[in-house]
Amino acid sequence: MMENVVAFKTSDGTLFETQEQAERHQEFLKHSDVIEKFLDSDLNPYSGPQRVIARNTIINWNLWNTKNAE
């Protein structure tokens, strides 16, 4: 039996099950250099697992801001 599936592919070839996951990953790809520079800077107090939370928050903020900009 075969099943038709939907996937979302980002510019780096990564496949995601949902559009939301793909958008987040694409946003990271788009801004990864500047995000990583900020996370490596003295202005970022978060390290270890908190660094991942900070990265995801920045990505989510960028997506939200893009969709809700007036």
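Before you click on anything, one definition: buried means under 20% relative accessible area, exposed over 50%, and partly exposed in between, using a 1.4 Å probe and protein chains only. The model is predicted, so local features need pLDDT of at least 70 and side-chain atom pairs count only at pLDDT 80 or more, while totals for chains, interfaces and linings use all residues. Residues are numbered from 1 along each chain as its sequence is written, and side-chain values use heavy atoms, with hydrogens and water left out.

Start by selecting Trp61, which is partly exposed at 48% relative accessible area.

Next, select Ile35, Leu39, Ala54, Ile59 and Leu63, the largest nonpolar core (buried Ala, Val, Leu, Ile, Met, Phe, Trp, Tyr and Cys residues joined through side-chain atoms within 4.5 Å). Helices H1 (19-40) and H2 (49-68) each supply at least two of its residues, and H2 gives the most, with three.

Finally, pick Arg55 in helix H2. Is Arg55 buried or exposed? With a relative accessible area of 19%, Arg55 is buried. Leaving aside residues up to four places away in sequence, Arg55 touches Phe28, Ile35, Glu36 and Leu39 (contact means heavy atoms within 4.5 Å).

Conventions: Helices (H or I, at least four residues) and strands (E, at least two) are DSSP runs, numbered from the N terminus.
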